[in-house]
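Biologist: I'd like to learn how to read a fold from its model. Could you walk me through it?

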Amino acid sequence: AAPMEWQPPEILLPLLGAPKAKAADLKRRQQVLTYDNDKLPSRIFTGKDVWLNRFHADSATLVVTFTPHVKSPPTAAFAAPFLAKSGLACVAFQALENHWWQTREMETCIEMLEPYLGNFDRIVTYGSSMGAHAALAFSGLLKADAVIAAAPQYSISRHYAPFEKRWPSEARRFPTLFDPAAFISRSAQKTVLFDPSHTADW
């Protein structure tokens, strides 16, 4: 799917676990986000394939986001301004190229996050396109309670998705390291968003 650059709509707030009171605040506050000192991103990991940032907020919910497929990666942390305005803590994975998250650095990052995940009552993984693939594929390892996947691809590998023909060069460059069938959480609530007029996505 083409990268989805829209900001997440307020209707997603209940799925993300934001307090209801924050929805009204968000509607009134459309200015460009300015982080307070305690909301500045903290770089957790800097690799050759992945960056991992933490955006602080005093919330019981942690949203883990993944950047989408873009023409010139890396792109900004996915949905971070929206989540900060909504009062939600965020850990943001940024891909340094369109590798569809098939890199051993993902294992390193998730191992680093394990102690941090226990600080939250609810964990939501969230992404669009390539990021939605990761939101699903790593939901098990991240112990997600919910997944929000906008226009996800199950896999770009013809082995796992014989119908998928859109990214042959990337499929060759980045062999599948994480079989979605083995890593998608069985228990997490899953919400999939897609455009029914874009037949390539369904």
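Biologist: Let's start with β2 and β4. How many bridges join them, and do they run parallel or antiparallel?

Modeller: Keep in mind that this is a predicted model. For two strands to count as paired, DSSP has to find at least two bridges between them. Here β2 (residues 50-55) and β4 are joined by 6 bridges, and they run antiparallel. If you want a spot to look at, find W51: its bridge partner in β4 is Q94.

Biologist: And what is the strand order of the sheet as a whole?

Modeller: Read across it and you get β1-β2-β4-β3-β5-β6-β7, an open sheet of 7 strands with mixed pairing. On average, neighbouring strands are turned by 15 degrees against each other, ignoring direction.

Biologist: Now β5. Which strands pair with it, and in what sense?

Modeller: β3 (residues 61-66) pairs with β5 in the parallel sense, over 6 bridges. V64 is the residue standing opposite T125 of β5. β6 (residues 146-150) also pairs with β5 in the parallel sense, over 5 bridges. There, G127 has A149 of β6 as its bridge partner. To get from β5 to β6 the chain passes through helix α5 (residues 130-137), and this β-α-β crossover is right-handed.

Biologist: Is β5 mostly covered or open?

Modeller: For that you need a cut-off: a residue is buried when its relative accessible area is under 20%. In β5 (residues 122-128), 6 of the 7 residues are buried, so by that cut-off the strand is mostly covered.

Biologist: How many residues of α5 are buried, and what do they pack against?

Modeller: In α5, 8 of its 8 residues are buried. Among them are M130, H133 and L136. The buried residues of the helix pack against β3, β4 (89-95), β5, β6, α7 (180-183) and β7 (189-193). Looking at the helix against the sheet, α5 touches β3, β4, β5, β6 and β7, and its direction makes about 150 degrees with that of β5.

Biologist: How many disulfides does the structure hold?

Modeller: It holds 0 disulfides. As for cysteines, C90 is buried at 1% relative accessibility, and C109 is buried too, at 0%.

Biologist: What about charged pairs? How many salt bridges does a search of the whole structure find?

Modeller: The general idea is that side chains of opposite charge can pair when their charged atoms come close. The search of the whole structure finds 3 salt bridges.

Conventions:
Residues numbered from 1 in each chain as written. Predicted model: local features only at pLDDT ≥ 70, side-chain atom pairs only at ≥ 80, totals over all residues. Heavy atoms only, no water. Buried < 20%, exposed > 50% of the residue type's maximum accessible area, 1.4 Å probe, protein only. Helix = DSSP H or I, 4+ residues; strand = E, 2+ residues; numbered from the N terminus. Right-handed = clockwise from strand over helix to strand, strands pointing away. Contact = heavy atoms within 4.5 Å. Axes fitted to C-alpha atoms, helices over the stretch in contact; angles between N-to-C directions. Disulfide = S-S within 2.5 Å. Salt bridge = Lys/Arg side-chain N within 4 Å of Asp/Glu carboxyl O.
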